Amino acid sequence: MRYLICYDIKDDKRRKKVAELLEEMAFRIQESVFVGEFTAQDLKKAKASIKKLVHVNGEQGDIDSVHIYPLCDACWKKVWQLGSGTGLERVIIV
């Protein structure tokens, strides 16, 4: 299934590690937004890896967030993009 993954990570080092991890598994469509095809097992591994890198507890200013949204084929076909370099045309639809 296809998923949209986006994040807001405060610390530069943590943000870079998450970005590098996601670049191995998905396609970057914006600075902190990725889209990719994941099996249930691959998604489970991705979530576990991301969870090790981010801060979800602590002081309010240091809390990160990661969102993963499933995108069904019908919804994917309705995606609208504007401008060059958005990259969605390069995402493979299986």
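## Overall composition

Of the 94 residues of the chain, 31% count as buried, where buried means under 20% relative accessible area, exposed over 50%, and partly exposed in between (1.4 Å probe, protein chains only). This is a predicted model, in which local features need pLDDT of at least 70 and side-chain atom pairs count only at pLDDT 80 or more, while totals for chains, interfaces and linings use all residues. Residues are numbered from 1 along each chain as its sequence is written, and side-chain values use heavy atoms, with hydrogens and water left out.

The chain contains three helices and four strands, arranged along the sequence in the pattern β-α-β-β-α-β-α. Helices (H or I, at least four residues) and strands (E, at least two) are DSSP runs, numbered from the N terminus. Among contacts between residues at least 6 apart in sequence, 68% join residues at least 24 apart; contact means heavy atoms within 4.5 Å.

## Packing of α1 against α2

Helix α1 spans residues 12–25 and helix α2 residues 40–53; their axes come within 9 Å and cross at roughly 165 degrees. Axes here are lines fitted to C-alpha atoms, for helices over the stretch in contact, and angles run from 0 to 180 degrees between N-to-C directions. The crossing angle therefore makes α1 roughly antiparallel to α2, a label for angles over 145 degrees, with those under 35 counted as roughly parallel, 65 to 115 as roughly perpendicular and the rest as oblique.

On the α1 side the contact involves R14, K17, V18, L21, L22 and M25, and on the α2 side A46, S49, I50 and L53. The residues of this contact divide into seven nonpolar, one polar and two charged. In this grouping Ala, Val, Leu, Ile, Met, Phe, Trp, Tyr, Cys and Pro are nonpolar, Asp, Glu, Lys and Arg are charged, and the others, Gly among them, are polar.

## Residues of α1

R14 lies in helix α1 and counts as buried at 10% relative accessibility. The side chains of R14 and D64 are joined by a polar contact of 2.9 Å. Such a contact is a pair of N or O atoms within 3.5 Å; within protein, one must be able to donate a hydrogen and the other to accept it, and residues adjacent in sequence count only if both atoms are side-chain atoms. Leaving aside neighbours within four places in sequence, R14 is in contact with I9, L53, V54, H55, D62 and D64.

R15, also in helix α1, is partly exposed with a relative accessible area of 29%. With neighbours within four places in sequence left aside, R15 contacts Y7, I9 and K10. R15 and S32 are 17 residues apart in sequence, and their C-alpha atoms are 8.7 Å apart.

M25 belongs to helix α1 and is partly exposed, at 28% relative accessible area. Not counting residues up to four places away in sequence, M25 touches F38 and A46. M25 and A46 are separated by 21 residues in sequence and by 8.3 Å from C-alpha to C-alpha.

R2 is found in strand β1, residues 2–8. R2 is buried, with a relative accessible area of 1%. The side chain of R2 makes a polar contact of 3.0 Å with the side chain of E37.
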